[in-house]
Amino acid sequence: MLTEHAKVMKALAAAGEIVGRKKLQKMIYIAKKLDFPFYEKFDFHFYGPYSEELTCRIEELCALGFLQEEKEKKSGYVQYRYTLTEAGEQFLRHYDWDMPGLDECMQTMNGQNARFLELVSTILYFEHLSKEEVKEKIAVVKSKQRYTEEEIEEAYAYIEALRSRCNPKARV
Amino acid sequence: MYSGGQLDEEKVFKDPVHRYIHVRDKLIWDLIGTKEFQRLRRIKQLGTTYLTFHGAEHSRFNHSLGVYEIIRRIIDDVFVGRDHWDHSERLLCLCAALLHDLGHGPFSHSFEKVFRLDHEDFTRAIILGDTEVNAALRQVDDDFPRRVAEVIAKTYPNKLVVSLISSQIDADRMDYLLRDAYYTGVSYGYFDMERILRVMRPREDQVVIKRSGMHAVEDYIMSRYQMYWQVYFHPVTRSAEVILTKILHRAKKLYEDGYSFQTKPVHFLSFFAGNVALDDYLALDESIILFYFQQWQEEQDPILRDLCRRFVRRRLFKYTEFHPTNDQMAKLIELTGLFRKAGIDPDYYLVVDSSSDLPYDFYRPGEEGERLPIYLLMPNGELRELSRESVLVDAISGKRRTDHKLYFPADFLEDLSAKRTVKKAILEILKG
């Protein structure tokens, strides 16, 4: 019970700290697309894949005191910083299963910025299309982000590297 | 290019929410007549809510027509001739509005959870596959089905078109709030939709609302908030969902274990195997599901039999508030063990249900670039986010409210004819 909550917390525990809701959303989405067993439903929104279910789950975990959400005012917007609390760590001890490969995956992604992860998650969202079609799609649906050809190639290489390094070995 | 054929005579549907739904386009009329669209008559808009609010028997067919009608009014009565609005997108918008829920299955929330499906994949498959809907759409041109699917998937380049169907103030939400309020009989789902439609204005990427219409939008936001907690997330409805979900889990488990069903789950086989073809999906509707539940009330397996009887006879689980702190989690583990000792399988009879299990999109104004908020168009032409102007919206959009409940079969536990001591211990813990 509450297994899906625990999985999100495992992801946060692995990352240590995640700065930004957008980044958190994209990291979980990418992990899901890499076949880690996250089952939150994602839709395509203005800024890429987004899950209301995940947002609600994070809110619940904050309300329960398992996650700490710190609000930081930036110029023109608010940014949120997430960390696991001691109570959260205690909660996770109720779940003795592991998600092999997740730690490395989350840590690697946490080293990237939200803009890049938005590109990576968008490519994964359209991965049923050919590479050329994905590029065309990005030019249209992400026109304001103005991703360069170089960034897109980098994102493809990044996905490939992630897939070979962070291979989920267990299902929960 | 499709000439945009019009019917010789306008068709109208009588509708309790919008009074009349007007159809002038032949393509819309053709789509309504397809077997895939007619299937929506056999899928209830609110799933198991009818077990709580007995009037809530309306279907996704009603709602889909309603969304179409709202979009038609916005386009034909408000947007036509205005800047930013490309009227050549009219038919695309109408089709996407009509077909936006086409892929919903029976009791889709539980079904999608248990079988790891996404109705949006099926919406796309129906629109793009070998179906009557696809054939109707291709009357426009061969690429038209793809464009309709993209609008519904929110990946269409013209974001204004997408935002009409799916945004924080869209035709989908406006219809379901009014319709669900009407059919459940509650009084808090109402808001002045006519007023909102009149003050909607097209902008490059989304619909915005004239500042003078702010109070109507406040009402709409309040309606969303109230409907979620009073109707969509009603604890009795959740209890029915819990049982429905457990029936599906049990049937799948029995199938995998080679159990010999008296009534074989023929319609479920591809769902159990995880290789659902479109035809299998379309063959399933709520009447079929309820037929199986009716039949399975007499199965040999005691769990499947009991769960089906509970669902059909509305003998639902009771619940208690459960705040899963670490203390409560320890109690939950203890309860799980006691349920086993009492001979009641906790995998089916002890269930934590959380608000995130039925996520509902509250209005969220201040995110870092996730979803576009509602913007007010100020008299000076400036755009201002709604909660910065509305004290009311600011008050409720900043508040987090989460909820967890623990569901259990009180009747089993209160029957002390066997395992008296352990059941008493369980009841003591549940009473807190």
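In chain B, 4 strands form an open sheet with mixed pairing, in the order S3-S4-S7-S8. Strands here are DSSP runs of E with at least two residues, helices are runs of H or I with at least four, and both are numbered from the N terminus; two strands pair if DSSP finds at least two bridges between them. This is a predicted model, in which local features need pLDDT of at least 70 and side-chain atom pairs count only at pLDDT 80 or more, while totals for chains, interfaces and linings use all residues. Residues are numbered from 1 along each chain as its sequence is written, and chains are lettered from A and ligands numbered from 1 in the order in which they are written.

The edges of the sheet are strand S3 (200-202) and strand S8 (383-385) of chain B; each has a single partner strand, so one side of each is left without a neighbour in the sheet. On average, neighbouring strands of this sheet are turned by 45° against each other, direction ignored. S3(B) and strand S4 (residues 207-210) of chain B run antiparallel and are joined by 3 bridges. B:Arg201 has B:Val208 in S4(B) as its bridge partner.

The helices come next. Helix H4 (residues 90-99) and helix H8 (residues 144-153), both of chain B, pack at an angle of about 60° with their axes 9 Å apart. Axes are lines fitted to C-alpha atoms, for helices over the stretch in contact, and angles run from 0 to 180 degrees between N-to-C directions. H4(B) and H8(B) are therefore oblique to each other (under 35 degrees counts as roughly parallel, over 145 as roughly antiparallel, 65 to 115 as roughly perpendicular and the rest as oblique).
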